[in-house]
Every structure is written in structure tokens, then in C-alpha cells.
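Hi,

Here is the structure I promised to pass on. Have a look at it first, and then read my notes on its charged side chains below.

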Amino acid sequence: MIRRILLTVLAGAAVLLVPWTVYLAQTLPDRYDTGQWRAAWVGFDVALLLCFAAGAWLGTRRRRAAVPLLSATAAMLCCDAWFDVMLGWTSAERWTSVALAVFVEIPVAVVLAFTARRLLSDALPRRSVTLRDIAMREDPRYQRVTRELPGDTQTVARRTGLERAEVTECLNTLRDNGFVRCDRKGNWIAIPQDLREPRPEDYDGADRERIAAFLDAKYADEVALLSWAAAHRDEFGPWSTAQRTSARLTEEEFRELDAEYRELITRYCRRRRRQVEGEKELSVRFYAFPQPLGRVSQ
């Protein structure tokens, strides 16, 4: 409903602006003296400066709020270029205004717009687990290789104790499935993915049984991991946290919660490409499901 109203307003505004623009073109004078000229331009530049500063701060933290701010900054740069050129066309500095618009303001605006678009679509690759993924998970070599990334083939082979040919085979298979990539320096880097559970009903025969067995083993492993974490909770110091609650949500609200969680995880997974001193690999889990009937949360 809201989307329909918004689209109606936008379409109506576009239609109404046509006669208004024609009217202005016929009635506005070519020259006009006005007050507060300096305050108008200085204020505009101050606003542009604040947009750049806020955009840089939000962008370095990969906040989604950077998307509308970068888009607004790009629009302001285009407006700045337009009015600089138009209002200075009869002055001696018109070619300076044109040069600034063509070589500085417009290119920067384009870069900001594309950056906003990239941040908007900067989500983890999302797909369902396949039988090939399951085969890799069952082969301990792949787990050993991915734990030693980033690194070149020789370094990973030395760390894992595997033959270089084995490491190369594993890395190529992982690359073909979107789990790793090789940079220009020859270092292999893990690529986080948003892997969804496969549905057994999408498979037949032995494949369905294999998918079902994979899911059973996966949740058994999750329960064992949670049990281990609970038993060792006093050993983690500041490196652990837990939160549990219940909420009454509609299905739409639940999808919104799920999307916000994935956005948060994406931001932190993409925060850094290289290892830094003091970091640890953390297990992060998010589960949400309907409460069993008749059960009261503790």
C-alpha cells in the first residue's frame, strides 16, 4: 500500500512539474539581483563538506546509512556543477567552472553513485548447499586448507602438511564452488557465503537420503558445539556473549529481522580481508523458531 502511494506521488510530481517548468521558462528573467548570495553558496559548501565527512565515516564502517548519504552527495555535486557553470557563464571564470565540473565534480559524483550502488548490493553470495558441497565437507582436506587461508599454495601446503598437488586440487575445487579466490599476488583468500540448507524433497532416492543425513549430522554437530560452549563458558573471558529472548512477530516482521541479521553479519565478514594481530575466529549462530506448544521460556 505504501509503495503504491509513493509511486503515485512520484508520478504525479513528474506530471505537475511539466507545466511548472514551462511556466518558469516563459516568465523568469535572464538576470536577477538577490541578497544572501554569499551565505547561500557558503552554506551549500558547508553542507557538502559535512556530507563528505559523514559519508567517509559511514563508508569505512560499511554502514547501510552510507548508501542514501553517498547518493545525496553525488546529487549535490551535480547541482554544484550545474549552477557553477550556468551562473558563471558570462563571467571571466566560466572555463574554470566548466573544467571543475567536467574533471572534478561530475567524475566524483559518478564514483559516489557507483559506490552507493555497490554498498547496496554488497551482500554475501547466497545459494543452497549442493551435493558437491557436502562431498567437500566430508573430505577433511578441505577443512584443513580453508583454515590456513589466506596464503599462497606453498604456504598452505606447509601449514597443513599436505602435498602441494593436493592443496592445488582442493583450492581449485573450492574456487570453482565460490569459496575462495586467488588475488594478483597469488594468495588464496576465503570468500564468505550465505549458504542455505538444502531441502530433501528437492532430491530423489539416494541423494535425498544423503541430504537428510547431512542435515541430521549438521544439527547434531551444532548441539554438540553448543554443549561444549556451555561447559567451557567460564574459559572464554571477554570473547563470548549470549542473548536469548522471545518475541511475537508476524511472518513479515520475522523476515525483516532475518534480513537485518544477515546485513549485520555481512558487514563484519567483509570488514577486513587480511588477518590482524589479536583477532580470533568466532562461532556465531542465529536460530529462530516457533515455541513448542505449552512450553514457557525460562
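Arg262 counts as partly exposed because its relative accessibility is 25%, where partly exposed is the range between buried (under 20% relative accessible area) and exposed (over 50%), using a 1.4 Å probe and protein chains only. This is a predicted model, in which local features need pLDDT of at least 70 and side-chain atom pairs count only at pLDDT 80 or more, while totals for chains, interfaces and linings use all residues. Residues are numbered from 1 along each chain as its sequence is written, and side-chain values use heavy atoms, leaving out hydrogens and water.

Arg262 meets Asp258 in a salt bridge, 3.1 Å from N to O (a side-chain nitrogen of Lys or Arg within 4 Å of a carboxyl oxygen of Asp or Glu). Both residues lie in helix 10, 4 residues apart, or about one turn (helices are DSSP runs of H or I, at least four residues, numbered from the N terminus). Asp258 is buried, at 14%.

In total, the structure holds 11 salt bridges. Another one joins Arg285 to Glu222, with the closest N and O atoms 2.6 Å apart. That pair links distant parts of the chain: Arg285 sits in the segment after helix 10 and Glu222 in helix 9, 63 residues apart.

Asp139 and Arg141 are both buried, and their salt bridge has its closest N and O atoms 2.9 Å apart. Together with Glu166, they are linked in a network of salt bridges.

Best wishes

Technical notes
Helices (H or I, at least four residues) and strands (E, at least two) are DSSP runs, numbered from the N terminus.
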